[in-house]
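Please look over the sequence and the predicted model shown here, and then read the notes that follow.

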Amino acid sequence: MMRSFRGGHVKRSGITGQRLAAIFLMGCILLNYPILSLFTRPGGGIAGIPLLYAYLFGAWALLIGLMAVVVERPRD
Amino acid sequence: MLQGWVIVLVAFAYLGVLFAVAYYGDKRAEAGRSIIANPYIYALSLAVYCSTWTFYGSVGRAASTGIGFLPVYLGPTLMVALWWYTMRKIIRITKAYRITSIADFISSRYGKSQMLGRLVTVIAVIGVIPYISLQLKAISGSFTILRHYPRIVMPAQAVAQPILNDTALYIALMLAAFTILFGTRHLDATERHEGLVAAIAFESVVKLLGFLVVGAFVTFGIYRGFGEIFRLAQQVPRLRALMTVADTGNTYGTWGFLTFLSMLSIVTLPRQFQISVVENVDEDHLRKAIWLFPLYLFLINVFVLPIALGGMMLFAGRGVDADTFVLTLPMAQQKEALALFAFIGGLSAGTGMVIVETIALSTMVCNDLVMPVLLRVKWLRLNERPDLSRLLLSIRRWAITGILMLGYIHFRAAGEAYALVATGLISFAAVAQFAPAIFGGIYWRGGTRDGAIAGLSAGFAVWAYTLLLPSFAKSGWLPASFLTEGPFGIPLLKPQQLFGLSGLDEISHCLFWSMLANIGIHVVVSLAGRQSITETGQATMFVDVFRRTQAPERSGLWRGSAAVEDLLPLLGRFLGPDRAREAFLAYARRRGVDSPEQLRADADLVAFAETQLAGAIGGASARVMVASLVQEQPPGLDEVMDILDEASQVRAYSRQLEQKSRELEAATAELRAANKLLQELDRMKDDFMSTVTHELRTPLTSIRAFSEILLEDPEIHLPERKRFLAIIVKETQRLTRLINQVLDLSKIESGSAEWHTTELDVHEVIRESVETSSQLFRESRVELVTSAGTDAGPRVMADRDRLVQVLINLLSNAVKVCRPGEGRVEIRLGVSNGFLRVDVQDNGPGISPADHETVFEKFRQVGDTLTGKPKGTGLGLPISRRIVEHFGGRLWVESELGKGATFSFILPLEVPAAKAGPELAQAAG
């Protein structure tokens, strides 16, 4: 079960860790000031949903999706 | 109409189901078929993070700050991405060194400091108590509200009851009983509770479903989808503000601080540590949890804002606390079953948190606070008790009860001063103080025990001053002037505007100052002080945990990590300390530094050491030795560290290492000796061959010379011819004798000689030998004296012919060295200690002590071998010695130059020595 963390997989494991770290950094930027302030304009929004709310949940979902893709890519 | 007893019955039925799940989980674990050994259960159990804070409090938070409820979930989402590095390392460390709690982790990292373990435990208990009181408040509040169905009554009016009528007390007691049932049924060395994890995962499903159902009901049942709620809310100015970020105040700062705080808390909360680290079955489960856990957080938050907005629109002006919307919205719509389900969802969120948190805290209280003290109290004689498990369990049970009672007291005291989330954030800020010690501990080798203690204490003190004391002041325990004017009227010390820092909310304010104090003092004290040996060892074990547990695959790197202080003693062991030091010094000078200690630990240095070592013990061995120094050391360290206890560990380890190196030295010496012996034997074989051929050539040359003379000159006179033929015969005899003796010796040496061992009378053997050699003595005019009489003498077990051969050999040697006419040879006989002793003494030139052993070597003829013709073959004595040794005896010579020589041998007696006379025993000496 733990093989992916060991031995011959060290390299791939290292890449996965780096990708996750990149997602972390991306998340820190996306979910904080000043990017966040771009979406605080009153009005607008997507299908009646306020822009900030839609953006936050969208960005959050994107992060989760990226993490899932990075982690679940078939191990070769 | 919902009767109180119906609610109680449903609640207990739910808890019964929960217990059944836990029981099943434990049974399966005992049977070896774990139900929690999969990443989905692991990810679900991580959601113990979502307590009533999430279930009820998020909506309340959203109602007051809009999206401000979110950072507490975004932080963990971000942190989880880094778990690939951090959590994996923490789990590996925890498993490798059998760590049982966050207090154990921190104290282990800093030299297994008991002091640090106590400090962490105290901080955790004090810090988490508001959090537990929050759960009590939420559960009892939801019970009170539901009991008044269909009326909507706020628990604020219900709280001012006498204690015995207070539902929160009973809920606290019930939770204590339940936690005790869950967590302390039996002791487990690893502190793992499979059934508990299964129950927590089950609870996570229930609370998620509960919240989603309520959310869906509000969004799609009461309103027609997200769009309508937001559209309606846009028309209310106060609600419109919630959908954006307020321009006033430092909203973004708060957002950032809260995100950061929750990033730390997801690791440092005792219950999160318990579930994500201690209860982890397989570190590979992290892989799925990395995205499943954030997904769970995402789902449980989707409906928060719609519920908050919907509730605020529906209950506008009716004084309903937003913290209760999840329950009161279904109630207001007369949805009895839905309200009950929401209550169960909240109950599961609260019980899950309380159970895991108190179990984790009780483990810490027991292991790090109570037991060390009890073990130190001599009159309890705990050391002598064979089984302490019952005591441990009861300590934990009392700890669980005590912690919940403290939570209850806090609940009574704090009252309604804080909303749910605000109370929880106080706890977050407290446990976040562990973060520098933990993250610093797994990545920074230099952190010391003193640094960790000082940093933690400082951070905790700042936390208490800027968050805990103000909360007391707001609850009326302290005068309000403490907050508004500062202690003793000093405005710079105002707890929530410390040193005049304003513009931050209280959590951010506390987090900034406490982290500044914590990290700053941790680093400064660590850098200023020194680590003890144990601390250094533990630090290395924590920081290098992956290298240690994957040592074999990293073999390619070993060369770089061998330091001078390791190599120098190794070389010293084989080369001698002085020589090793000289060699290193010379090398250091070549490298342009003054002393070996300044040398860089690089591949060249290792190569140099290896070369030096190769000179002493051979290239391959040197390589193995240098490699072993670097490769075998760490696992040895780990094993010893694991097995042995605290202070003695490092010493025991170095003792073991010394022991190992001594054994190695011994083995090296043996190998060297064996090698030397082999080389000597090889040389001797060559010598023997060349000597034998040389010895053969001498008689052959003279035989050939005389035969050729006889052949070529037919006119030689008869007497001359006779003389030549006599020489030829004599040389032929000598040749035969030589060949016989060589054959004889090789037979004896190879063990193929035939021995006819019988019981012999020594007098008889001596008489026979004397008779045989009497002609020789007469010819040489040497006198022969013997003490052996004609009567029966001592008896030995030996081969008669061989023994005669030995004696004749000794006698003929004696004759050869004696001068004709003056020579005298004496045979003496003695018995002593069960041995027969025979001395053959001559009055020849004697043998110098240096040659006493050489005469027994093959072809070694002591004396003037260069000038005179060799008088013997040089094989007589070696053969004699082997014969005597074959019969369990010994043959040696005692002599001084000019005083004759005495060849002596001893043989074990067949009959007891008691028979021999006292004068004989003295003769043996």
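How many residues does the contact take from chain A and from chain B?

## Contact between the chains

Chain A gives 35 residues and chain B gives 32 residues to the contact, where two residues are in contact if their C-beta atoms, placed from the backbone, lie within 7 Å. On the side of chain A that touches chain B, the elements giving two or more residues are helix H1 (10–30) and helix H2 (51–72) of chain A, and H2(A) supplies the largest share, 10 residues.

By class, this side of chain A has 25 nonpolar, nine polar and one charged residues (Ala, Val, Leu, Ile, Met, Phe, Trp, Tyr, Cys and Pro count as nonpolar, Asp, Glu, Lys and Arg as charged, and the others, Gly among them, as polar).

## Chain A

The secondary structure of chain A comes to two helices and zero strands, these being DSSP runs numbered from the N terminus (helices H or I, at least four residues; strands E, at least two).

## A helix pair in chain B

In chain B, the axes of helix H10 (residues 225–234) and helix H15 (residues 304–314) come within 10 Å and cross at roughly 50 degrees. The contact is made by Phe226(B), Ile229(B), Leu232(B) and Ala233(B) of H10(B), together with Pro306(B), Leu309(B), Gly310(B) and Met313(B) of H15(B), and by class it has seven nonpolar, one polar and no charged residues.

## Basis of the model

This is a predicted model, in which local features need pLDDT of at least 70, side-chain atom pairs count only at pLDDT 80 or more, and totals for chains, interfaces and linings use all residues. Residues are numbered from 1 along each chain as its sequence is written, while chains are lettered from A and ligands numbered from 1 in the order in which they are written.

How values were computed
Axes are lines fitted to C-alpha atoms, for helices over the stretch in contact, and angles run from 0 to 180 degrees between N-to-C directions.
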